[in-house]
Amino acid sequence: EPRELVDDAFLRRIPYKIEVSDPSEEEFRDLFMMMAPIIGVEYEQSALEYLIKTHYRTLDRPYRCCQPRDLLAQIRNYCLYIGEEPRMTNEYFDYAVENYFAVM
């Protein structure tokens with residue numbers, strides 16, 4: 001509940017409050033398909049299967065709508081840094097997940 005996280009004055013500064021529910025696995029997959037070309041990362045179905053199996057199902061990690069965009073951006077930025085073509089691979093997903101979900 002938002003009121004449990006912040007005070008009323010803060011909530012008044014946010015004019016529109018919209019609940020965004022977590023996507024289903026199918027919707028999560030669709031978000032990757034939609035976002036990959038927008039972010040500039042070559043889509044690869046087998047790498048997405050690896051991501052979901054390794055980093056979501058085994059950890060019972062919930063799917064969030066922002067994660068496809070964020071993980072693909074991590075991959076793109078990493079690939080640009082190392083001078084590789086941005087594409088979805090198991091190795092790049094491992095890197096992106098480790099960086100994205102890091103706890104400081």
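Okay, let's start on the outside: Y16, I18 and V20 make a nonpolar surface patch with about 430 Å² of accessible area together. Before I go on, this is a predicted model, where local features need pLDDT of at least 70, side-chain atom pairs count only at pLDDT 80 or more, and totals for chains, interfaces and linings use all residues. Residues are numbered from 1 along each chain as its sequence is written, and side-chain values use heavy atoms, leaving out hydrogens and water.

A patch takes residues with over 30% relative accessible area and no salt bridge, joining nonpolar side chains (Val, Leu, Ile, Met, Phe, Trp, Tyr) within 5 Å and like charges within 9 Å. A salt bridge is a Lys or Arg side-chain nitrogen within 4 Å of an Asp or Glu carboxyl oxygen. Areas are Shrake-Rupley, with a 1.4 Å probe and only the protein chains shown as cover.

So where does V20 sit? V20 is in the loop between α2 (8–12) and α3 (25–39); helices here are DSSP runs of H or I, at least four residues, numbered from the N terminus.

Now α3. Its buried residues (under 20% relative accessible area) are F28, R29, L31, F32, M35, A36 and I39. Their cover includes α4 (45–57), α5 (67–82) and α6 (90–100). Just after α3, G40 has a positive phi of about 95 degrees.

Last stop, M88. Which residues does M88 touch, leaving aside neighbours within four places in sequence? Its contacts (heavy atoms within 4.5 Å) are F32, V41, E42, Y43, E44, A47, L48, L72 and F93.

How values were computed:
Helices (H or I, at least four residues) and strands (E, at least two) are DSSP runs, numbered from the N terminus. Buried means under 20% relative accessible area, exposed over 50%, partly exposed in between (1.4 Å probe, protein chains only).
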